[in-house]
Amino acid sequence: MTRVSVKVDGTNYEDEVEPRLLLIHYLRDRLGLTGTPIGCDTSNCGACTVDLDGESVKSCSVLAVQADGSEVTTVQGLADGNGEWSGLQRAFHERHALQCGYCTPGMIMAARDLLRDNPTPTSDEVRHALEGNLCRCTGYQNIVRAVLAASGQEAGT
């Protein structure tokens, strides 16, 4: 077992973990943060995307021990202390940017990373930034609209 210290959604945790434990399993099974789904476990789908020290990563491709000393933000950590959704979360809801919702947490986290680096992306830039996140339901149009709306732009750009 290896000791890890990690800050997740603003809360500090110290745990003993097996060196082979994936970050996604640490978040879901140890911390009970089930808002981040397990998609493919092979880093192909992006459903498990979280923010690790300011960068979006697929948590099924990161070991929990690699997050030692780091700060992790999950989709659950985007809401404020009163449970109010972030602007990006609201935009996804208001623009119907989901059907089954399975990919939505990863899409939101990847979009958040994009908007942090590029606050006013074009439609093509949004599509490029979300290439690593798969959705089998929507066709992506409403997802792109939601990201553009969250950036304060008209959805038709």
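At 65% relative accessibility, Arg20 counts as exposed, because the threshold for that class is over 50%. The model in which this residue sits is a predicted one. Arg20 forms a salt bridge with Glu18, and the closest N and O atoms of the pair are 2.7 Å apart.

Side chains of opposite charge can pair when their charged atoms come close. The count of such salt bridges in this model comes to eight. Another of them joins Arg95 to Glu94, with 3.6 Å between the closest N and O atoms. Here Arg95 is partly exposed, at a relative accessible area of 32%, and Glu94 also counts as partly exposed, at 47%.

A further salt bridge lies within a helix. Asp113 and Arg116 are both in helix 3, three residues apart, which is about one turn of the helix. They form a salt bridge whose closest N and O atoms are 2.9 Å apart. Asp113 has 12% relative accessibility and so counts as buried, whereas Arg116, with a relative accessible area of 37%, is partly exposed. The two residues belong to a network of salt bridges that links Asp51, Arg112, Asp113 and Arg116.

Strand 1 (residues 2-8) and strand 2 run antiparallel and are joined by seven bridges. In this pairing, Thr2 stands opposite Val17 of strand 2.

The loop between helix 1 and strand 3 contains Thr36. At 1% relative accessibility, Thr36 counts as buried, because the limit for that class is under 20%. Which residues does Thr36 touch, not counting residues up to four places away in sequence? They are Ile24, Arg28, Ala47, Cys48, Thr49, Val50, Ser59, Thr74, Val75 and Gln76.

The last element pair is formed by two helices. Two packed helices are described by the angle between their axes and the distance between the axes. The axes of helix 2 (residues 87-94) and helix 5 (residues 141-150) come within 8 Å and cross at roughly 140°. The two helices are therefore oblique to each other, since only angles over 145 degrees would count as roughly antiparallel. The crossing of helix 2 with helix 5 is right-handed. On the side of helix 2, the contact is made by Gly87, Leu88, Ala91 and Phe92. Helix 5 contributes Ile143, Ala146, Val147, Ala149 and Ala150.

Definitions and conventions: Residues numbered from 1 in each chain as written. Predicted model: local features only at pLDDT ≥ 70, side-chain atom pairs only at ≥ 80, totals over all residues. Heavy atoms only, no water. Pairing = 2+ DSSP bridges. Helix = DSSP H or I, 4+ residues; strand = E, 2+ residues; numbered from the N terminus. Salt bridge = Lys/Arg side-chain N within 4 Å of Asp/Glu carboxyl O. Buried < 20%, exposed > 50% of the residue type's maximum accessible area, 1.4 Å probe, protein only. Axes fitted to C-alpha atoms, helices over the stretch in contact; angles between N-to-C directions. Parallel < 35°, antiparallel > 145°, perpendicular 65-115°, else oblique. Left-handed = near helix turned anticlockwise from the far one by under 90°. Contact = heavy atoms within 4.5 Å.
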